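Dear colleague,

I am passing on a structure that you have not worked with before, and below it I have set out what was found in it.

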Amino acid sequence: MNQSIATVMVQVVRLCGLVALGTGALSWFAYNSPLLVHVVFGGLLVSALCILAFQSRSSAGKQTVLAVAVAIVIPLLGLLELKPFLGEFRWALQWLHPAAGIGGMGLAEVLAKRIRLG
Ligand code: HEM
C-alpha cells in the first residue's frame with residue numbers, strides 16, 4: 001500500500017514539476033502565462049513531496065527533513081518574488097526558486113526509492 005502511494009506521488013511530482021517549470025519559464029520570458037496555474041501545480045508538487053516525506057520518516061531521516069524544508073522554501077521564495085521592495089535582489093530569487101523546485105523533484109525520487117526499498 002505504502003509503495004503504491006509513493007509511486008503515485010512521485011508521478012504527481014514529475015508531472016506537476018514539468019508544468020510548474022513550463023509555466024514559470026513562460027512568465028520569466030514575459031509571455032502571458034496564468035500565475036494561478038503555476039501556483040496550483042506547484043502547490044500539488046509541494047503537497048505530494050510532503051506525503052512522500054511523511055511516508056519515508058522512518059527510512060530516510062536526513063532526506064525527509066530536507067524534503068520538508070524544501071517544501072516550505074519553494075512557495076516562500078516564489079511568493080516573495082511578487083514583493084516590490086526586493087529591488088536588485090529579485091534576480092537571486094528568480095534562480096533560487098526554480099532551483100529549490102528542481103531540488104524538490106530530485107528529493108521526491110530519492111524518497112520514493114527509499115520507500116519502495118522499505
Ligand atoms: C506552491 C508552490 C509555488 C508557488 C507559490 C510559486 C510561485 C511563483 C511565483 C509567484 C513566481 C513569479 C512569477 C512572476 O514573477 O511572474 C514563480 C516563478 C517561477 N517558478 Fe514558481 N511557484 C511554486 C512552485 C514552483 C515549482 C515547484 C517550480 C519548479 C519545479 C517553479 C518554477 C518556477 C520558475 C521556473 C519560475 C520563473 C522564474 C522565476 O521568476 O523564478 N515554481 N513561481
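In the contact between α2 and α3, the residues on the α2 side are G42, V46, L49, C50, L52 and A53, and they meet T64, A67, V68, A71, I74, P75 and G78 of α3. Sorted by class, this contact of α2 with α3 holds 10 nonpolar and 3 polar residues, and no charged ones. Please keep in mind that this is a predicted model.

As for the geometry of this pair, the axes of α2 and α3 lie 9 Å apart and the two helices pack at an angle of about 165 degrees. Since an angle over 145 degrees counts as roughly antiparallel, α2 and α3 are therefore roughly antiparallel to each other. Their crossing is left-handed.

α2 also packs against α4: the axes of these two helices come within 9 Å and cross at roughly 30 degrees, and here too the crossing is left-handed. On the α2 side the residues in contact are L45, A48, L49, L52, A53 and Q55, while α4 contributes G104, L107, A108, L111, A112 and I115. By class, the contact of α2 with α4 has 10 nonpolar and 2 polar residues, again with no charged residue.

Turning to the ligand, you will find 26 residues around it, and the closest of these are G24, G42, G78, P98 and G101. The elements that each give two or more residues to this shell are α1, which covers 2–28, α2, which covers 35–55, α3, which covers 61–80, and α4, which covers 90–117. In terms of class, the shell around the ligand is made up of 15 nonpolar residues, 10 polar residues and 1 charged residue.

Along its principal axes, the C-alpha trace spans about 45 × 25 × 15 Å.

How values were computed. Residues are numbered from 1 along each chain as its sequence is written. This is a predicted model: local features need pLDDT of at least 70, side-chain atom pairs count only at pLDDT 80 or more; totals for chains, interfaces and linings use all residues. A residue is near a molecule or strand if its C-beta atom, placed from the backbone, lies within 6 Å of it. Helices (H or I, at least four residues) and strands (E, at least two) are DSSP runs, numbered from the N terminus. Ala, Val, Leu, Ile, Met, Phe, Trp, Tyr, Cys and Pro count as nonpolar, Asp, Glu, Lys and Arg as charged, and the others, Gly among them, as polar. Axes are lines fitted to C-alpha atoms, for helices over the stretch in contact, and angles run from 0 to 180 degrees between N-to-C directions. Angles under 35 degrees count as roughly parallel, over 145 as roughly antiparallel, 65 to 115 as roughly perpendicular and the rest as oblique. A crossing is left-handed if the near helix is turned anticlockwise from the far one by less than a right angle, and right-handed if clockwise. Two residues are in contact if their C-beta atoms, placed from the backbone, lie within 7 Å.
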